[in-house]
Amino acid sequence: MYYNPYPHWANPYSNPLWLYNEHVQPQTVLSPPSPFPSINTQVLNTSALRFQDLLKQADLLASKIVNSKEFAHELMEAAQLSNTKKVDELIVSTGITLKIKTNFSPTGIRIELNNDENPGECCHLLMTLKW
């Protein structure tokens with residue numbers, strides 16, 4: 001059995017009868033107001049919908065690379081020759097209608113797909129492919 005060295009009047013929580021007393025009314029605890037604005041998921045939902053468009057367009061490019069060895073060869077060859085215009089033309093030829101930005105190196109290519117109408121809006125998808 002647990003021995004409490006303090007009398008029950010010194011620590012009311014030590015008296016089990018007080019803890020389970022049905023006649024004691026619970027007290028309402030007020031929490032401070034949240035420093036954050038109320039949650040509104042409309043912008044998040046819109047961003048997610050627009051991001052789905054990016055994923056569909058990225059899938060067009062990935063499918064073309066996977067299904068066409070000739071296309072993959074042309075893309076790599078244009079990048080090795082530092083022909084940015086040709087690389088961009090090849091990417092657009094897959095059916096991509098979004099703004100693109102490409103960077104390539106001897107180890108791979110980075111393609112940024114962008115569907116924001118104004119700078120800083122939604123959304124960007126960065127594809128990094130190794131070769």
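The model is predicted, and the chain contains four helices and three strands, which follow one another along the sequence in the pattern α-α-α-α-β-β-β.

**Chain as a whole**
- Of the 131 residues in the chain, 22% are buried.
- The accessible surface of the chain amounts to about 10,700 Å², and carbon and sulfur atoms account for 58% of that area.
- When contacts between residues at least 6 apart in sequence are considered, 35% of them join residues that are at least 24 apart.

**Helix α2**
- Helix α2 runs over residues 42–67, and its 26 residues reach 38 Å from the first C-alpha to the last, which is close to the 38 Å expected at 1.5 Å a residue.

**Packing of α3 against α4**
- The axes of α3 and α4 lie 8 Å apart, and the two helices pack at an angle of about 155°.
- Because angles over 145 degrees count as roughly antiparallel, α3 and α4 are roughly antiparallel to each other.
- The crossing of α3 and α4 is left-handed, and the contact is made by F71, E74, L75, A78 and A79 on the α3 side, together with K86, V87, L90 and I91 on the α4 side.

Technical notes:
Residues numbered from 1 in each chain as written. Predicted model: local features only at pLDDT ≥ 70, side-chain atom pairs only at ≥ 80, totals over all residues. Heavy atoms only, no water. Buried < 20%, exposed > 50% of the residue type's maximum accessible area, 1.4 Å probe, protein only. Contact = heavy atoms within 4.5 Å. Areas by Shrake-Rupley, 256 points an atom, 1.4 Å probe, with all protein chains shown as cover. Expected span 1.5 Å × (residues − 1). Axes fitted to C-alpha atoms, helices over the stretch in contact; angles between N-to-C directions. Parallel < 35°, antiparallel > 145°, perpendicular 65-115°, else oblique. Left-handed = near helix turned anticlockwise from the far one by under 90°.
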